[in-house]
Amino acid sequence: MAARPVVPQRQLRIRDEGKPKVVAVEGRTRRILKDIGNLVPDRAIEGKPGTQPAEKNKKAITQKVDGEVGKGVNATKAGVTEKPKLKTVIRSSDERYISNVKDTKSKDKNKRSLSSTLSARSKAACGLTNKPLDSSVANIDEADANNELAVVEYIDDMYKFYKLAEDESRVSDYMGAQPDLNAKMRSILIDWLIEVHRKFELMPETLYLTVNIVDRFLSLKTVPRKELQLLGISSMLIACKYEEIWAPEVNDFVSISANTYQREQILVMEKVILGRLEWLLTVPTPYVFLVRYVKASEPSDDEMENMVFFLAELGLMNYPIAISYSPSMIASAAVYAARCTLEKSPIWTATLQHHTGYVEEELKECAKLLVNLHRGAVDSKLKAVYRKYSSPDRRAVSLFPPAKSLTPDCSPEV
């Protein structure tokens with residue numbers, strides 16, 4: 001039979017009438033706590049404020065202390081707070097606690113949250129509370145002033161950064177370095193990707209990032225014609241993983257390509273693309289600027305928004321436009337052309353000029369090319385964008401007559 005472990009003895013010093021007494025206490029590991037209110041077992045266990053110790057518990061505490069100290073030593077002499085004092089301390093503390101809770105609940109309705117308080121201070125520090133400085137420039141973020149997700153304190157600085165960073169991800173004319181490809185093949189690929197994007201019901205950001213990945217990769221590496229569709233599939237897979245909450249699986253892309261490529265081929269191409277692009281996927285595409293500039297195009301409605309995106313996607317398919325103009329320029333020209341098409345007046349406002357950074361004359365050349373694409377969309381063999389925006393849920397904006405005020409000087413190759 002195992003021997004019972006020996007519990008080390010510790011001496012407890014208790015003062016009685018000025019003379020220290022030494023008694024043995026078995027198994028005690030700390031001093032009796034007497035001034036922080038934790039002598040009440042009910043309160044410690046239940047965690048309820050205002051709970052008074054039952055009479056039975058009080059007696060148990062007294063008896064335990066008497067047993068440890070010995071006969072003739074009462075609970076008060078053992079260092080335990082006297083009963084009247086214990087009641088007074090606990091009750092007064094709990095009453096203050098309950099009172100504070102009631103006061104807090106009564107003030108919660110009128111009290112501002114910490115986030116809103118800090119947000120207001122940040123806006124004041126940034127001068128946003130006094131915007132707009134120019135009476136001719138509308139404050140397009142006024143409605144989002146209390147929306148923390150709109151980050152109105154930083155939005156202007158963010159777009160200044162986008163304008164500075166967009167040139168880093170732009171591509172120059174790379175088609176001359178692709179002996180097996182031409183601009184028409186690229187347009188066919190983008191047209192098909194728009195169909196796939198629509199079939200999978202993906203986010204618009206995904207489409208613009210896909211095209212950006214395709215162009216950047218083609219500017220860095222020679223791709224044979226038979227692998228062009230594989231490049232498009234793998235680029236969309238990467239964009240989906242970056243932008244989508246529920247990204248399509250690899251097998252979905254295998255099926256959509258009629259099993260032209262195997263799963264392993266797509267994964268290998270995905271790895272090659274990411275390696276060539278050095279995993280740089282956070283880039284300002286035209287979509288980044290479109291959402292901001294549509295907001296600045298007051299008044300903005302569904303018809304205006306769909307017309308802008310219709311023209312922008314036509315430009316996305318067109319190789320000369322994609323390589324000749326920056327993403328912010330394409331987005332600005334799409335807004336300008338859309339306002340001309342819908343006959344908005346004035347065509348270009350001070351608010352749009354302030355947020356885009358472009359004056360009207362800078363946009364006319366690109367806008368004319370977009371309007372020309374709109375004019376030829378109905379007869380083009382590549383109709384993905386035209387069909388997409390002819391549906392009622394997109395206000396059938398592709399069926400609108402092209403802007404009469406913009407007469408293109410040339411017909412860009414599609």
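Here is a short walk through a few spots in this structure, which is a predicted model.

Let's begin with a helix. α12 covers residues 302–317, which makes 16 residues. Where does α12 sit relative to the rest of the structure? Of its 16 residues, 13 are buried, so α12 is largely enclosed by the rest of the structure.

Now step back to the loop between α11 (286–296) and α12, where you'll find Pro299. The peptide bond leading from Glu298 into Pro299 is cis, with omega near -5°. There's another cis bond to look at, this one joining Ser345 and Pro346, with omega about -5°. Pro346 belongs to the loop between α14 (327–341) and α15 (350–356).

Loops hold some other backbone details too. Take Glu201, in the loop between α6 (183–199) and α7 (204–218). Its phi is near 55°, a positive value in a residue that isn't glycine. Is Glu201 buried or exposed? Its relative accessibility is 69%, and because anything over 50% counts as exposed, Glu201 is exposed. Then there's Glu278, in the loop between α10 (263–276) and α11. Glu278 isn't a glycine either, yet its phi is positive, at about 55°. With a relative accessible area of 66%, Glu278 is exposed.

For a contrast, head to Ser398, in the segment after α17 (384–388). Its relative accessible area is 4%, and since the cut-off for buried is under 20%, Ser398 is buried. So what does Ser398 touch, leaving out residues up to four places away in sequence? The answer is Phe310, His374, Tyr386, Tyr389 and Ser390.

Last stop: the cysteines. Cys340 is buried, with a relative accessible area of 6%, and Cys366 is buried as well, at 0%. A disulfide is a covalent bond between the sulfur atoms of two cysteines. How many disulfides does a search of the whole structure find? It finds zero.

Notes: Residues numbered from 1 in each chain as written. Predicted model: local features only at pLDDT ≥ 70, side-chain atom pairs only at ≥ 80, totals over all residues. Heavy atoms only, no water. Helix = DSSP H or I, 4+ residues; strand = E, 2+ residues; numbered from the N terminus. Buried < 20%, exposed > 50% of the residue type's maximum accessible area, 1.4 Å probe, protein only. Contact = heavy atoms within 4.5 Å. Disulfide = S-S within 2.5 Å. Expected span 1.5 Å × (residues − 1).
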